[in-house]
Amino acid sequence: MAEAQEYDREFDVVVVGSGGGALTGALLAQRAGLSTVVVEKTGLLGGTSAYSGGACWLPGSQVQQRAGIGDSTEGARTYLAAVLEDPDQELVEAFLARSPELVAELEEAGIPFEWLPFSEYYDAPGRVAMGRSIQPANIKRGDVAPEVAELVRPPVERDRLGEGGRNTLSGGQALIARLLDGFVRAGGAVLTELPVTGLVLDGERVAGVAAMTPEGPVQVRARRGVIVAAGGFEGNAEARAAHGVPGDVAWTMAPRGTNTGEPIAAAVAIGAAADYRGVGWFCPGLEQPDGGGSFTLGFRSGLMVDQRGQRYGNESLPYDRFGRIMAEAPERIPSWFVFDSREGGRLPAIAMPEGDPAEHLAAGTWVRADTVAGLAERIGVPADALVATVERFNRFCAGGADEDFGRGVDEYDTFFTGGAGPTPCDQAPFYAARFVLSDLGTKGGLVTDAAGRVLRPDGSAIRGLYAAGNSAASVFGPRYPGPGAPLGSAMVFASLAVRAIVG
Ligand SMILES: Cc1cc2nc3c(=O)[nH]c(=O)nc-3n(C[C@H](O)[C@H](O)[C@H](O)COP(=O)(O)OP(=O)(O)OC[C@H]3O[C@@H](n4cnc5c(N)ncnc54)[C@H](O)[C@@H]3O)c2cc1C
């Protein structure tokens, strides 16, 4: 698809990046009759979105209505009002109003969604029991155009090993495959292995992108608009340091070699405003033998301790909330997750990917011992402190209440335990797994208005330039309201950008 003669070409709309927001914008623009091209840095499409569960927090749509759950735009407004910190209300209202319309348009375009039971992340007014997230229906590889199936980035556990995707595309794989299939069938163009390095100006208007090929620089011109939806800067150590993002490029979940933030920097270089206060979507990361991190959620038993052997939070908190607590003190990175043998030596949680326990033990990212004191010695944590912490936790489990951090009370906590409260850590041998602070992407970036237009610091819009997804400052700021908030907001603001471009 990335033929050399396609470079230096002109389209109505140039979409930079190929995640859920980018491809939603591309599909809608192409279907609106605008010639559209997706320009992707790597050889595969989908970015972190392809790794995702495909949950979309798009409240108040026909899908939630069909499922008969207690969701509504009004309920979501109440929930966001309780959860968000000093939001831009215009953006929030645009998100709420556009979500149901967008879902209707995507279903109309042949992309079916279904309700995904998954608890929301705050116990706040307006919360829907078992959540209000939706996801695209699975699709078989053979049911999408062959070039589409080839281009979808495989799931994380396979991609990191250089393996291909599965035959049934689910979650983020289904989202990317379905959007891309619709886009390509509608006549959309895709250029891969074409990193965007800058923006082309025609006077004050953005008129295209500059990109780099092995043969040298090229331009892809945009008659109507450029939508930057190229992820955040989670893979860029310098930018992370400059904008105060905790964690490390080695621990981010973004595919290797993807999101280093050049398109954000290119927009800032022509006068765009940026807001980095949202920082990132965080999570505890199981450290891998190669130094990478694995997004981990849904702890069923075990307890997390810092380097002093102390617990510091409810391990069952939604992952972004726990990640932010990890980031508060240096002795929490790395942490050790202490668990027992009740699951046969497997981690009692969902780690994406978990990795092979034997390889972890050989590498020292996991340690095993017959006693908790022995474990402490092997991980360099004071033995008396760790033994006291485990004994205290086990007493709480026996009494049915975590008196320190209230674990096992909220609906989210028990979602992963089948309703059970905290479970003791008392079956030898014992394990400790090293945990770091991972992220699902940064979410500070370009400031946009309710039409997805990129703004200057004085509030005026840069003509021809739009942003969505992790390239933009998140509508949710530093909060992660529920499953699917990254994709849902990326898709909505990309679709609003298209609406503004169509005019
Ligand atoms: C295991 C896992 C599960 C998750 N589950 C969910 C979920 O269910 N729901 C949810 O909402 N979120 C989920 N997330 C988080 C979510 O996937 C990401 O935050 C979100 O997909 C980011 O979307 P994006 O479009 O901003 O970036 P990405 O999806 O990462 O896409 C960015 C793309 O832009 C390309 N690009 C970067 N720079 C350039 C450049 N200079 N030129 C051209 N192209 C460029 C990249 O190569 C990449 O392909 C999950 C994350 C993980 C890791």
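**View 1. Pro334 and its cis peptide bond.** Pro334 sits in the loop between α11 (319-326) and β15, where helices (H or I, at least four residues) and strands (E, at least two) are DSSP runs numbered from the N terminus. The peptide bond that leads from Ile333 into Pro334 is cis, with omega near 0°. This is a predicted model, in which local features need pLDDT of at least 70 and side-chain atom pairs count only at pLDDT 80 or more, while totals for chains, interfaces and linings use all residues. Residues are numbered from 1 along each chain as its sequence is written, and side-chain values use heavy atoms, with hydrogens and water left out.

**View 2. Pro353 and its cis peptide bond.** Met352 and Pro353 are joined by a cis peptide bond, for which omega is about -5°. Pro353 belongs to the loop between β16 (350-352) and α12 (357-363).

**View 3. The backbone at Met130.** Met130, a residue other than glycine, has a positive phi, near 65°. Met130 is placed in the loop between β3 (113-115) and β4 (134-136).

**View 4. The aromatic pair Phe337 and Phe435.** Rings of Phe, Tyr and Trp (its six-membered ring) pair if their centres lie within 6.5 Å, with planes under 30 degrees apart counted as stacked, over 60 as edge-to-face and the rest as tilted; by this rule the count comes to 24 aromatic pairs. The ring centres of Phe337 and Phe435 are 6.0 Å apart and the planes stand at 65°, so this pair is edge-to-face. The pair links distant parts of the chain, since Phe337 lies in strand β15 (residues 335-339) and Phe435 in strand β18 (residues 430-442), 98 residues apart.

View 5. Domain 1 (4-276 + 443-502) and domain 2 (288-437) divide the protein, with bounds that come from an automatic or database domain assignment, and their C-alpha centres lie 33 Å apart. In contact (heavy atoms within 4.5 Å) are 25 residues of domain 1 and 22 residues of domain 2. The area buried between the two domains (accessible area, 1.4 Å probe, lost on being put together and summed over both) is about 1900 Å², of which carbon and sulfur atoms give 60%.

**View 6. The salt bridge of Asp410 and Arg127.** The side chains of Asp410 and Arg127 meet in a salt bridge at 2.8 Å, N to O, the term requiring a side-chain nitrogen of Lys or Arg within 4 Å of a carboxyl oxygen of Asp or Glu. Between domain 1 and domain 2 the count is one salt bridge.
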